[in-house]
Amino acid sequence: TQFAFGDNIQLVGYDQSSETAKPGDTLTLRFYWQAAAAPADNYSLFIHVVPQAEYIVLAQTDGAPASPERPTLSWTDPSETLISPAFELTLPPDLPTGNYRVMIGLYNYIDGARLPIQDADGNHLGDALELTQITVQP
């Protein structure tokens, strides 16, 4: 996984507890980050579960992209890989079966401005990355 968030932050990998779930289940995600240089600000991570066809947030969680003791302004060593705590995302108990997208992004928690995202080829992906998909089964 190689995605750039803004000018300095790279998502270099992630772990996902499962690709399938039942309504009400909790998914666990962990992220691996690197920074080429100190980011310009402290950012928060959002994780959204949305339907395939539109961007309606059905489940979400937010938090520090790495440990809370290491805000992004402290990411100054380009050789360091910062590992997030496990993010838990609970699906609604009435979520219909089907396929859903898991979207992530980084934002300034003061003004809400999101960082732009690029893939490894330099293609602009907007300000929310489709990280993976999950299938909700009965």
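Q: Is arginine 114 buried, partly exposed or exposed, and what is the relative accessible area?
A: The model is predicted. Burial is read from the relative accessible area: under 20% is buried and over 50% is exposed. Arginine 114 has 32%, so this residue is partly exposed.

Q: Which residue forms a salt bridge with arginine 114?
A: The partner is aspartate 127, with the closest N and O atoms 3.4 Å apart. Arginine 114 sits in the loop between β9 and β10, and aspartate 127 in the loop between β10 and β11, so the bridge ties together parts 13 residues apart in sequence. Aspartate 127 is partly exposed as well, at 35% relative accessibility.

Q: How many salt bridges does a search of the whole structure find?
A: The search finds 2. One of them joins arginine 70 to glutamate 80, where the closest N and O atoms are 2.9 Å apart. Both residues of this pair are in the loop between β6 and β7, 10 residues apart. Arginine 70 is partly exposed at 25%, and glutamate 80 is partly exposed with a relative accessible area of 25%.

Q: How is a pair of aromatic rings described?
A: Two values are used: the distance of the centres and the angle of the planes. A search of the whole structure gives 5 aromatic pairs. In one of them, phenylalanine 5 and tryptophan 33 are edge-to-face, at 5.5 Å centre to centre and 75° between the planes. Phenylalanine 5 belongs to strand β1 and tryptophan 33 to strand β4, so the pair ties together parts 28 residues apart in sequence. Both residues are buried.

Q: What is the geometry of the pair formed by phenylalanine 46 and tyrosine 107?
A: This pair is tilted, with 6.2 Å centre to centre and 40° between the planes. Phenylalanine 46 is in strand β5 and tyrosine 107 in strand β9, so parts 61 residues apart in sequence are tied together. Phenylalanine 46 and tyrosine 107 are both buried.

Q: Which residues form one aromatic cluster?
A: The cluster consists of Phe5, Phe31, Trp33, Trp75 and Phe87.

Q: Is histidine 48 buried or exposed?
A: The cut-off for buried is under 20% relative accessible area. Histidine 48 has 6%, so this residue is buried. Histidine 48 lies in strand β5, which spans residues 43-51.

Q: Which side chain does histidine 48 join through a polar contact of 2.8 Å?
A: That side chain belongs to tyrosine 55. Leaving out residues up to four places away in sequence, histidine 48 touches several residues, including Tyr55, Val57, Met103 and Arg114.

How values were computed:
Residues numbered from 1 in each chain as written. Predicted model: local features only at pLDDT ≥ 70, side-chain atom pairs only at ≥ 80, totals over all residues. Heavy atoms only, no water. Helix = DSSP H or I, 4+ residues; strand = E, 2+ residues; numbered from the N terminus. Buried < 20%, exposed > 50% of the residue type's maximum accessible area, 1.4 Å probe, protein only. Polar contact = N/O pair within 3.5 Å; in protein donor to acceptor, adjacent residues only side chain to side chain. Contact = heavy atoms within 4.5 Å. Phe/Tyr/Trp six-rings, centres within 6.5 Å; stacked < 30°, edge-to-face > 60°. Salt bridge = Lys/Arg side-chain N within 4 Å of Asp/Glu carboxyl O.
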